[in-house]
Amino acid sequence: MKMNRTSIKINVFFILLFSIICQFSQAQLITYKEPKGSVVNNDFTVRVRQKKDGWQPVFSYLAHVSNMVGAKSVAENTSFSYFDFSGQVDISITYNKGAINDVRIRPLSIGIKPKISGNTITFSLHNPQNLSIEVNGDIFHNLQLFANPLETYKISPKDTNVIYYGPGIHQVGTLNVTSNKTIYIAGGAIVQGQLLVNKVENVRVLGHGILSQEGVQVITPDALVSSSPDKGRQQRGEELNINFSKNVEVNGIIVIPHKYSVFIGQSKGVKVSEVKSISSEGNADGLDVFCSTDVVIDKLFMRNSDDCIAIYGHRRNFYGNTKNITVSNSTLWADQAHPILIGTHGDPPHPDTLGNMKFNNIDILDQYENQIDYQGCIALNAGDANLINNINFENIRIEDIRKGQLFNFRVMFNHKYNTAAGRGVENIYFKNISYTGTHAIMSIIAGYDDTRSVRNITFENFTINGKLISDTMPDKPSWYKIGDMSNIFIGEHVDGLRFIETKK
């Protein structure tokens with residue numbers, strides 16, 4: 001059957017019309033009223049709108065981040081706001097502290113170029129993003145903007161297997177979560193307390209609300225009975241503990257922690273996605289994994305005053321190898337310590353292996369660390385008889401960090417944390433890693449001795465300020481090491497280190 005040109009044009013028109021109708025019917029914007037008693041930061045006034053609808057206000061919460069002044073950590077006031085949307089959204093941010101000379105929206109890889117009119121910034125988004133809006137170069141009193149996707153799960157407060165926290169402030173102390181439970185923290189809710197997921201299975205922690213460490217009472221999920229504020233609390237007070245458990249999902253929440261934001265110890269089948277964390281205290285890591293397997297980490301925003309993502313072997317009462325870990329589509333910002341750390345802790349009498357991991361599509365916004373032993377935007381530090389092996393890093397973009405190393409790959413014996421040297425670092429592949437900046441100091445790659453070495457490390461298409469670093473780069477003198485061209489100290493006991501170029 002042949003169709004004439006008029007019929008074809010009509011069909012194309014209706015297909016396009018149907019696509020446009022579907023797009024607009026699916027477009028949605030959800031903002032949340034702040035809970036009564038929330039602490040506002042008035043540095044920014046945030047508004048959003050969709051299509052040509054009226055502007056809706058978005059509350060700007062107060063949080064704190066760590067600024068290193070010399071060797072001392074100083075807490076600075078920062079802001080964060082959040083909303084949910086699909087389709088396209090327009091964003092208006094008014095800076096209330098004075099004139100705007102320049103604005104930077106990060107990660108830079110997204111390529112947002114805002115319009116500035118007076119002291120107001122405007123731009124549009126077509127996809128969910130976690131952003132840092134920085135006015136006049138100020139990275140501490142900035143706005144963290146979490147433009148979330150719409151929730152896809154349907155949660156009923158009447159479900160007996162759901163502990164439902166609707167809009168408002170809820171003081172829960174330490175909540176001991178039992179198996180087959182869902183904890184739901186709705187947008188517009190603040191849950192003040194600690195969640196303990198211990199020796200259970202099939203647990204979900206969902207929602208777009210805020211989890212913050214400020215326990216007042218202990219509430220059990222079945223009886224909801226108040227008791228002592230310290231009963232059941234772990235000594236350090238990690239915000240969300242997942243210990244000796246399996247099949248656990250954490251999705252969407254914002255964490256303002258006392259210590260670690262998310263702690264995973266000797267667990268299996270854990271998925272953490274779309275979680276945001278901002279911290280300012282010492283030892284306030286983002287997400288830490290100990291002796292666990294089959295962990296999926298995706299779409300995080302971690303701005304932390306210690307390690308953003310740390311993956312370890314044995315410590316405390318956790319034992320066993322750590323393997324099958326994936327980290328993807330995330331933004332990491334270490335105001336101190338490491339954006340990514342693997343190794344350090346282990347069990348010399350029963351040596352751990354940390355391996356079979358993949359890291360992909362990650363933006364590293366910063367590192368500032370005075371202590372040379374704890375530098376490295378990507379640190380592979382084998383200690384305590386650890387063996388670190390079989391790890392792939394791909395599409396990692398490192399922006400202009402303030403102080404630290406790009407890489408620190410060492411077999412080491414750190415007497416502060418180790419009782420033995422590590423066993424080795426081997427079979428590590430880096431592809432499409434880029435650094436844009438000038439502040440990174442010399443990186444380090446070094447083994448420990450002839451039997452505890454760093455071996456078989458490959459960099460494919462590694463660039464510094466757009467310049468490709470390879471063993472065959474044309475401007476490298478034949479008597480130079482490749483480390484001389486990339487500001488990397490290549491120490492003893494390093495074998496099979498390659499820098500190669502391939503077509504992207």
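Let's start with Asp373, which counts as partly exposed because its relative accessibility is 37%. On this scale, buried means under 20% relative accessible area, exposed means over 50%, and partly exposed is in between (1.4 Å probe, protein chains only). Everything here comes from a predicted model, where local features need pLDDT of at least 70 and side-chain atom pairs count only at pLDDT 80 or more, while totals for chains, interfaces and linings use all residues. Residues are numbered from 1 along each chain as its sequence is written, and side-chain values use heavy atoms, with hydrogens and water left out.

Asp373 has a partner: Arg410 forms a salt bridge with it, and the closest N and O atoms are 3.7 Å apart. This pair links distant parts of the chain, with Arg410 in strand E33 (residues 407–411) and Asp373 in the loop between strand E30 (353–367) and strand E31 (378–382), 37 residues apart. Helices (H or I, at least four residues) and strands (E, at least two) are DSSP runs, numbered from the N terminus. Arg410 has 16% relative accessibility, so Arg410 counts as buried.

Side chains of opposite charge can pair when their charged atoms come close. The rule used for a salt bridge is a side-chain nitrogen of Lys or Arg within 4 Å of a carboxyl oxygen of Asp or Glu. How many salt bridges does a search of the whole structure find? It turns up 14.

One of them joins Asp335 and Arg303, with 2.9 Å between the closest N and O atoms. Asp335 sits in the loop between strand E28 (322–334) and strand E29 (340–343), and Arg303 is in strand E26 (residues 301–304), so the pair ties together parts that are 32 residues apart in sequence. Both Asp335 and Arg303 are buried. Another salt bridge runs between Asp449 and Arg452, where the closest N and O atoms are 2.5 Å apart; Arg452 is partly exposed, at 27% relative accessible area. There's also a network of salt bridges that links Arg104, Arg106, Glu134 and Glu399.

## Cysteines on their own

A disulfide is a covalent bond between the sulfur atoms of two cysteines. Here the test is a pair of cysteine sulfur atoms within 2.5 Å, and the count comes to zero. Cys377 is in no disulfide, and the nearest cysteine sulfur, from Cys308, is 9.6 Å away. Cys377 is buried, with a relative accessible area of 0%. Cys291 is buried too, at 5%.

## Inside the chain

A nonpolar core is a set of buried Ala, Val, Leu, Ile, Met, Phe, Trp, Tyr and Cys residues joined through side-chain atoms within 4.5 Å. The largest one has 81 residues, and Leu240, Ile342, Phe359 and Phe393 have the most contacts inside it. Apart from that core lies another, with 24 residues, including Ile93, Ile100, Val103 and Ile105.

Contact means heavy atoms within 4.5 Å. Leaving out residues up to four places away in sequence, Phe393 touches several residues, among them Ile340, Ile342, Phe359, Tyr429 and Lys431. Is Glu238 buried or exposed? Glu238 is buried, with a relative accessible area of 0%. It lies in the loop between strand E17 (210–212) and strand E18 (240–243).

## The whole chain

The protein chain has two helices and 40 strands. Buried residues account for 56% of its 504 residues. Take the contacts between residues at least 6 apart in sequence, and 70% of them join residues at least 24 apart.

Most residues other than glycine have a negative phi, and most peptide bonds are trans. Asn180 isn't a glycine, yet it has a positive phi of about 65°. Its place is in the loop between strand E13 (168–177) and strand E14 (182–185), and Asn180 is partly exposed, at 44% relative accessible area. Gln266 has a positive phi as well, near 45°, and belongs to the loop between strand E21 (262–265) and strand E22 (268–273).

The peptide bond from Arg106 to Pro107 is cis, with omega near 5°. Pro107 is in the loop between strand E7 (103–106) and strand E8 (115–117).
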